[in-house]
Amino acid sequence: FFLSEIYSRSMARSIRNDNSIGIGFGKKLDALGSSISLSYAAIYQITYYYDGSYREVGRNSFRIKIKKEAKAIGFSSEIYYQPSFSSIDDYIVYGSAKLVLFPKNKLSFLVQDAINYISTSNIKTLHNITCGIGFSMKN
């Protein structure tokens with residue numbers, strides 16, 4: 001079981017602040033050399049906009065995360081699907097995928113793709129691709 005609190009803002013979407021708080025449960029499985037994590041949470045979301053308006057929504061939150069790591073390459077992907085309790089047309093999708101070269105070395109190279117989709121927003125999709133260098137402090 002877990003408690004969750006998430007805070008965000010978006011100038012592109014005119015969101016001054018967005019708070020989500022929830023309670024849920026999850027299960028981690030290991031299969032075929034991969035780690036698979038599933039979870040569900042019920043969340044309460046309140047969003048304040050720059051124009052002074054606000055919106056309150058109760059949501060489901062379903063998540064799946066898959067991670068596979070070998071000596072030369074690692075991959076992970078995580079997807080959240082968060083439909084409103086009151087309307088299936090009101091939903092949020094967060095997704096990310098990360099590819100890491102040499103994940104077990106102190107120095108690694110990575111490419112990460114993140115997408116954020118809100119069905120009720122004027123700007124529905126925000127998409128970022130990041131390339132970088134990772135440094136591990138583990139032995």
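Strands pair here if DSSP finds at least two bridges between them, and the strands themselves are DSSP runs of E with at least two residues, numbered from the N terminus. The model is predicted, so that local features need pLDDT of at least 70 and side-chain atom pairs count only at pLDDT 80 or more, whereas totals for chains, interfaces and linings use all residues. Residues are numbered from 1 along each chain as its sequence is written, and side-chain values use heavy atoms, with hydrogens and water left out.

**View A. The hairpin of β3 and β4.** Strand β3, residues 34-49, pairs with strand β4, residues 54-69, in the antiparallel sense over 15 bridges. Within this pairing, Tyr44 stands opposite Gly58 in β4. The two strands form a hairpin with 4 residues between them, and Gly52 in the turn has a positive phi of about 95°.

**View B. The hairpin of β4 and β5.** On leaving β4, the chain passes through 3 residues of a hairpin that joins this strand to β5. Strand β5 covers residues 73-83 and pairs with β4 in the antiparallel sense over 8 bridges; Phe62 has Tyr81 in β5 as its bridge partner.

**View C. The open sheet.** An open sheet is formed by 8 strands in the order β1-β2-β3-β4-β5-β6-β7-β8, with antiparallel pairing. Its edge strands are β1 and β8, each of which pairs on one side only. From one strand to the next the twist averages 20°, where axes are lines fitted to C-alpha atoms and angles run from 0 to 180 degrees between N-to-C directions. Strands β6 and β7 run antiparallel and are joined by 10 bridges, and Ala97 has Asp113 in β7 as its bridge partner.

**View D. Aromatic rings.** The structure holds 8 aromatic pairs, a pair being two rings of Phe, Tyr or Trp (its six-membered ring) with centres within 6.5 Å, stacked if the planes are under 30 degrees apart, edge-to-face if over 60, and tilted otherwise. The rings of Tyr81 and Tyr91 have centres 5.9 Å apart and planes at 50°, so this pair is tilted. It links distant parts of the chain, with Tyr81 in strand β5 and Tyr91 in strand β6, 10 residues apart. Tyr81 counts as partly exposed at 35% relative accessibility, and Tyr91 counts as partly exposed at 24% (buried is under 20% relative accessible area, exposed over 50%, partly exposed in between, with a 1.4 Å probe and protein chains only). Both belong to one aromatic cluster formed by Phe1, Phe25, Tyr40, Phe62, Tyr81, Tyr91 and Tyr117.

**View E. The largest pocket.** About 540 Å³ of space lies in the largest pocket, a pocket being an open set of points on a 1 Å grid over the protein atoms alone, where a 1.4 Å probe fits, with protein on both sides within 12 Å along at least five of seven lines. The volume is the space filled by probe spheres set on the points, which are joined across faces, edges and corners. Of the 25 lining residues, which have an atom within 4 Å of a point, Lys67, Glu69, Lys98, Val100 and Pro103 are the closest to the centre. Strand β5 gives the most to this lining, with 5 residues. The lining divides into 6 nonpolar, 10 polar and 9 charged residues, where Ala, Val, Leu, Ile, Met, Phe, Trp, Tyr, Cys and Pro count as nonpolar, Asp, Glu, Lys and Arg as charged, and the others, Gly among them, as polar.
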